[in-house]
Amino acid sequence: MTGCHDDDEFEKHLEEDPDPQLDPERSPGLHTDIEALEDIEVSREDVTIGEATPEELAASDTEPVEGDAVASLLSDIEHGEKTDRRRAALELKDRATTDEIVAALARAATTDDDSDVRQFAVEALTAHGGERAAAVAVELLGDPNPWVRAEAVVTLDNVDREAHEDDIAAAIDDDHHAVRRNAAISLFKLRGEEMADLLLEQSRDDSERVREWAAHMLGGVDEDRARERLQELTDDPATVVRQTAERSLNVDPGRFRRQFGGALENDARLLPGEDRLNRMPDL
């Protein structure tokens, strides 16, 4: 686990040299064509160091399979070693949609014994869309791994958040912060200021990433209680929450709601000791 000294140094560094990625609206997911959630978050308490092998760290590099035929990728995702299955899932995201690809990704997302393969596969299904992707995502809301569940919320948000509003709303009570946060962002796109009560509740969440996004979305709530809570959050223990609350106090709520994209993908802010294979998905 990361020591207290590292955390103190990290907070000090942020205050002296703020990271431009601290603004949730500048999350890398905003550059995508899909209006999506998917900035899957990480909290310090989830971080471990030194568990990833060199082979695992290379699993996210799809360059070795970029020129592979679809048939080869389909074979890899079905029969390959763990790293090969992960790579194949990521690479199939960018191939032209076919029934064979969708079926293979659906099988991997629901049956593979490696949680990263399941997560990468449902993320890839998001790019192919359709009822099959949504059905798989609904099933994965009950996956034992929280990052797979969080990715499933992203898929439902991308494919058809309105049709799956009830499924997404059920994820608000998940015991993992990434899932709760993703569900709140998706629902805010649908409900806007009706989310005020929930956002106020999430602004007191144990996870700083949940509090951060609650503070961000409270900027779109034109109520005194929202502004009062944002003022309180300017004294939050976490720098990222304080800075987000300060920005939210200075936005126009109506304009904020109209422009809200809510990227839930690819949180680029690495905390001490984090990497992709230590529960920092970067799809």
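Tutor: Helix α3 (residues 70–79) packs with helix α5 (residues 99–111) at an angle of about 15°, and their axes are 10 Å apart. The axes are lines fitted to C-alpha atoms, for helices over the stretch in contact, and the angle between N-to-C directions runs from 0 to 180 degrees. Before we go on, this is a predicted model, where local features need pLDDT of at least 70 and side-chain atom pairs need 80 or more, while totals for chains, interfaces and linings use all residues. Residues are numbered from 1 along each chain as its sequence is written, and side-chain values use heavy atoms, with hydrogens and water left out.

Student: Why give both an angle and a distance?

Tutor: Because two packed helices are described by the angle between their axes and the distance between the axes.

Student: OK, so how are α3 and α5 oriented to each other?

Tutor: They are therefore roughly parallel. Angles under 35 degrees get that label, over 145 counts as roughly antiparallel, 65 to 115 as roughly perpendicular, and the rest as oblique. The crossing of α3 and α5 is left-handed, meaning the near helix is turned anticlockwise from the far one by less than a right angle; clockwise would be right-handed.

Student: Which residues of α3 and α5 meet?

Tutor: From α3 there are V70, L74, I77 and E78, and they meet E100, I101, A104, L105, R107 and A108 in α5. Contact here means heavy atoms within 4.5 Å. By class, the α3 and α5 contact has seven nonpolar, no polar and three charged residues. Ala, Val, Leu, Ile, Met, Phe, Trp, Tyr, Cys and Pro count as nonpolar, Asp, Glu, Lys and Arg as charged, and the others, Gly among them, as polar.

Student: And at what angle do α5 and α6 pack?

Tutor: About 150°, with the axes of α5 and helix α6 (residues 115–128) 8 Å apart. α5 passes α6 in a left-handed crossing. On the α5 side the contact uses I101, V102, L105, A106, A108 and A109, and on the α6 side V117, R118, A121, V122, A124, L125 and H128. Those residues divide into eleven nonpolar, one polar and one charged.

Student: Stepping back, how many helices and strands are there in the protein?

Tutor: There are 15 helices and zero strands. Both are DSSP runs numbered from the N terminus: helices are H or I with at least four residues, strands are E with at least two. Of the 283 residues in the protein, 57% are buried, where buried means under 20% relative accessible area, exposed over 50% and partly exposed in between, using a 1.4 Å probe and protein chains only. Among contacts between residues at least 6 apart in sequence, 73% join residues at least 24 apart.

Student: How many residues of α12 are buried?

Tutor: Eleven of eleven. Those buried residues pack against α10, α11 (196–202), α13 (224–233), α14 and α15. One of the buried residues is E208, which sits at 14% relative accessibility and so counts as buried. The C-alpha atoms of E208 and D236 are 9.1 Å apart, though the two are separated by 28 residues along the chain.

Student: How close do the axes of α10 and α12 come?

Tutor: The axes of α10 (residues 177–191) and α12 (residues 208–218) come within 9 Å and cross at roughly 15°. The two helices are therefore roughly parallel. H177, R180, R181, A184, I185 and F188 of α10 make the contact with R209, V210, W213 and M217 of α12.
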